[in-house]
Amino acid sequence: MAETARNIGGVSLVGSGSATPKQRLTNDEIGLRVDTSDDWIRTRTGIASRHVVGLGESLTHLSANAGQAALDMAGWSLESVDLVLLATSTPDDLFGSAPKVQAKLGLSNAVAFDLTAACSGFLFALVTAGQFLRTRAMNRVLVIGADHLTRWVDWDDRRSCVLFGDGAGAVALEATSYEQDGLLDFCLKSDGSRGDCLTLSQVDSFNSLVNEKNFQTGGFLPVEMNGQEVYKFAVREVPAILQELLSVNKISADSLDWLLLHQANQRILDAVADRFSIPHRKVLSNLAEYGNTSAATIPLMLDEAVRKGLVKPGHLIASSGFGAGLSWGAALMRWQGPA
Ligand code: COA
């Protein structure tokens with residue numbers, strides 16, 4: 001737990017934004033390519049459609065649009081932003097896409113870098129940004145969670161291709177006093193020993209170079225997933241980490257305004273809510289429209305809920321992200337909104 005880190009200053013969540021690709025792909029349309037059905041996908045996952053990056057769009061473009069919306073909501077001047085932290089596993093450039101986003105947004109004083117932790121990426125980035133703000137090393141940070149997984153999905157593998165979509169979400173975070181802290185606590189975990197059940201791994205082939213020396217070919221294999229193992233991991237670890245966070249902070253599940261989980265599967269959302277007896281109306285879900293957008297799900301969902309007036313200033317939110325790595329984490333947040 002962040003016992004020492006929280007003694008310095010506070011972190012305020014003052015803006016949000018999101019962006020999704022124009023193309024909307026329905027379950028029935030996927031059924032034109034692989035042997036599946038709308039009924040199977042809805043029943044097992046709660047997903048009805050997903051948005052897929054098309055011509056003229058990109059991860060950088062979605063990230064910048066989401067970031068711009070968050071900047072607008074926060075009312076920040078461009079020169080006041082210190083850091084752009086882009087959580088993604090699917091950059092447009094392996095050297096990092098954050099600097100391109102920084103340039104597109106005109107944030108000339110901001111340093112920018114990518115952070116990779118798969119579907120937990122946004123939560124990990126939020127907590128990382130929080131450390132710069134608590135210590136007052138920085139004053140304003142734009143955290144973006146974005147993924148373009150549809151370019152790494154095997155569109156002929158019905159066990160995984162039905163799950164994923166593309167999108168981006170962003171949150172504007174500002175340093176504040178400890179009394180006004182909106183990032184109350186967090187817990188982050190990794191277990192690489194169990195990581196083989198969800199991978200987007202390198203092509204494992206070598207080519208001859210010179211003098212019997214060789215080099216590894218660049219490139220990645222499509223997403224490979226053992227769905228049942230990932231499901232078991234999620235329904236075991238997410239309640240456990242949330243329980244740990246609530247207990248340490250002496251917060252009862254009743255006092256939460258919202259449960260904001262990584263949007264992977266409606267059955268996972270329902271199972272976690274039931275474990276804490278949280279009514280389903282308090283469980284934020286937009287899975288039906290977007291599917292699993294990896295690092296984007298949490299900020300995309302938060303932004304929709306803020307703009308619909310569901311999440312209001314002062315609301316207490318328990319959030320948890322989980323996914324490949326394996327990685328998982330949870331955070332307790334209080335939404336503040338713009339001044
Ligand atoms: N359409 C129709 N049938 C499908 C299918 C699809 N899209 N995908 C799998 N099936 C079939 C399987 O082939 C299997 O058939 P069989 O019994 O004849 O072999 C049957 O459905 C059951 O497959 P199973 O894998 O046991 O289904 P499931 O109930 O575990 O549901 C998932 C599959 C993927 C929906 C579920 O395991 C899941 O959500 N896991 C977590 C995945 C996840 O969230 N990943 C990202 C984490 S960040």
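Reader: Is Cys161 buried or exposed, and what is its relative accessible area?

Author: This is a predicted model, in which local features need pLDDT of at least 70 and side-chain atom pairs count only at pLDDT 80 or more, whereas totals for chains, interfaces and linings use all residues. Residues are numbered from 1 along each chain as its sequence is written, and side-chain values use heavy atoms, with hydrogens and water left out. A residue is called buried under 20% relative accessible area, exposed over 50% and partly exposed in between, using a 1.4 Å probe and the protein chains only. Cys161 therefore counts as buried, since its relative accessible area is 0%.

Reader: How many disulfides does the model have?

Author: A disulfide is a covalent bond between the sulfur atoms of two cysteines. Here the term is applied to a pair of cysteine sulfur atoms within 2.5 Å. By that rule, the number of disulfides is zero.

Reader: Which cysteine has the sulfur nearest to that of Cys161?

Author: Cys161 takes part in no disulfide. The nearest cysteine sulfur is 16 Å away, and this sulfur belongs to Cys119.

Reader: Where does His148 lie, and which residue does its side chain join through a polar contact?

Author: His148 belongs to strand β6, residues 140-148, where strands (E, at least two residues) and helices (H or I, at least four) are DSSP runs numbered from the N terminus. With 9% relative accessibility, His148 counts as buried, and, leaving out residues up to four places away in sequence, it touches (heavy atoms within 4.5 Å) Val53, Leu59, Thr90 and Asp166. A polar contact is a pair of N or O atoms within 3.5 Å, where within protein one must be able to donate a hydrogen and the other to accept it, and residues adjacent in sequence count only if both atoms are side-chain atoms. The side chain of His148 makes such a contact, of 3.3 Å, with that of Arg151.

Reader: What separates the C-alpha atoms of Arg136 and Glu174?

Author: Arg136 lies in the loop between α5 (121-134) and β6, and at 47% relative accessibility it counts as partly exposed. Apart from its neighbours within four places in sequence, Arg136 is in contact with Gly9, Gly10, Ala175, Thr176 and Ser177. Glu174 is 38 residues from Arg136 along the chain, and the separation between their C-alpha atoms is 9.9 Å.

Reader: Why is strand β14 largely enclosed, and how many of its residues are buried?

Author: In β14, residues 316-323, Leu316, Ala318, Ser320 and Phe322 point one way, while Ile317, Ser319, Gly321 and Gly323 point the other way. The strand is largely enclosed by the rest of the structure because the number of its eight residues that are buried is eight.

Reader: Which residue of β15 is the bridge partner of Ser320?

Author: Two strands pair if DSSP finds at least two bridges between them. Strand β13 (residues 258-261) pairs with β14 in the parallel sense over four bridges, whereas β14 and β15 (residues 327-334) pair in the antiparallel sense over eight bridges. Three residues lie between the strands in the hairpin of β14 and β15, where Gly325 has a positive phi near 140 degrees. The partner of Ser320 in β15 is Ala330.

Reader: Which residue of β5 is the bridge partner of Leu86?

Author: Strand β4 (residues 83-87) is mostly covered, with five of its five residues buried. It runs parallel to strand β5 (residues 111-115), to which five bridges join it. In β5, Leu86 has as its bridge partner Asp114.
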